[in-house]
Amino acid sequence: GVLLPSIKIDKLSLNQPLKAIELAVANVNSDPSLLREISLEIVTNETDGTHWQLMQATFWLINTAKVVAIIGPSDLAAVRVISPILNEAAVPLVTPSAVSFRQLAIFHLHSTFFKVSP
């Protein structure tokens with residue numbers, strides 16, 4: 001699943017990371033030696049960026065869409081809101097830019113949190 005804020009970011013900016021994710025998924029799915037008999041699928045849930053909307057979107061992705069991992073959101077406040085929910089559900093969270101290495105210390109209890117650094 002992918003959590004993306006849609007109201008505070010123009011659609012052009014939103015399309016760039018989504019296009020990168022689509023290319024990565026297509027690349028993984030095209031190589032049968034990477035994930036045997038498993039095909040990745042992108043499930044998006046755009047929110048208005050409020051904490052309430054993020055929690056609702058997170059629960060929807062876990063319970064309804066049955067995602068096995070979430071990419072995003074990209075800001076620390078949002079990560080702090082959804083990280084405990086995902087950790088409890090054992091759903092990994094991959095965030096591209098939410099925290100600095102100094103701030104990673106707050107997530108030491110969350111075993112399913114991953115940060116991707118450029």
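**Chat about the kinked helix and its surroundings**

Me: Where is the kink in H3, and how big is the angle?

Reply: In this predicted model, H3 has a kink of about 35 degrees at isoleucine 82, a position shortly before the proline, proline 84.

Me: What do the ends of H3 say about its length, given its 14 residues?

Reply: Helix H3 runs over residues 76–89, and at 1.5 Å a residue it should span 20 Å, which agrees with the 20 Å between its end C-alpha atoms.

Me: Which residues of H3 are buried?

Reply: The buried residues of H3 are Leu76, Ala78, Val79, Val81, Ile82, Ser83, Ile85 and Leu86, so the residue at the kink, isoleucine 82, is one of those counted as buried, that is, under 20% relative accessible area.

Me: Which residues of the largest nonpolar core touch the most other members?

Reply: That core has 14 residues, and Ile70, Ile82, Leu86 and Leu93 are the ones that touch the most other members. Helices H2 and H3 each supply at least two residues of this core, and H3 gives the most to it, with 6 residues. As general background, nonpolar side chains in soluble globular proteins tend to be buried together.

Me: OK, H2 then. How far does it reach from its first C-alpha to its last?

Reply: Helix H2 has 13 residues and reaches 18 Å between those two atoms, close to the 18 Å expected at 1.5 Å a residue.

Me: And which residues of H2 are buried?

Reply: They are Leu54, Ala57, Thr58, Leu61 and Ile62. Seen down the axis of H2, these buried residues fall within an arc of 130 degrees, so they line one face of the helix. The general rule behind such a pattern is that an α-helix has 3.6 residues a turn, so residues three or four places apart point the same way.

Me: Which loop holds lysine 66, and what is its phi?

Reply: Lysine 66 lies in the loop between H2 and strand E3, the latter at residues 70–71. Its phi is near 55 degrees, a positive value in a residue other than glycine, and lysine 66 is exposed, with a relative accessible area of 58%.

Me: Changing topic: where does leucine 40 sit, and what is it in contact with?

Reply: Leucine 40 is in the loop between H1 and E2, and, leaving aside its neighbours within four places in sequence, it is in contact with Val25, Val28, Asn29 and Leu35. The C-alpha atoms of leucine 40 and valine 28 are separated by 7.7 Å, although the two residues are 12 residues apart along the chain.

Me: Is leucine 40 buried, partly exposed or exposed?

Reply: Leucine 40 counts as partly exposed, at 33% relative accessibility.

Me: What about glutamate 41, buried or exposed?

Reply: Glutamate 41 counts as exposed, at 66% relative accessibility. Its place is in the loop between helix H1 (11–29) and strand E2 (44–47), and its C-alpha atom is separated by 9.0 Å from that of glutamate 22, which is 19 residues apart from it along the chain.

Me: Last one, the overall picture: how many helices and strands are there?

Reply: The protein has 3 helices and 5 strands, which follow the pattern β-α-β-α-β-α-β-β when read along the sequence. Of its 118 residues, 32% are buried, and its accessible surface comes to about 7,400 Å², with 60% of that belonging to carbon and sulfur atoms. Among contacts between residues at least 6 apart in sequence, 46% join residues at least 24 apart.

Note on methods
Residues numbered from 1 in each chain as written. Predicted model: local features only at pLDDT ≥ 70, side-chain atom pairs only at ≥ 80, totals over all residues. Heavy atoms only, no water. Helix = DSSP H or I, 4+ residues; strand = E, 2+ residues; numbered from the N terminus. Buried < 20%, exposed > 50% of the residue type's maximum accessible area, 1.4 Å probe, protein only. Contact = heavy atoms within 4.5 Å. Areas by Shrake-Rupley, 256 points an atom, 1.4 Å probe, with all protein chains shown as cover. Expected span 1.5 Å × (residues − 1). Bend = angle between axes of the 7 residues up to and from the residue. Core = buried A, V, L, I, M, F, W, Y, C linked by side-chain atoms within 4.5 Å. Arc of directions from axis to C-beta.
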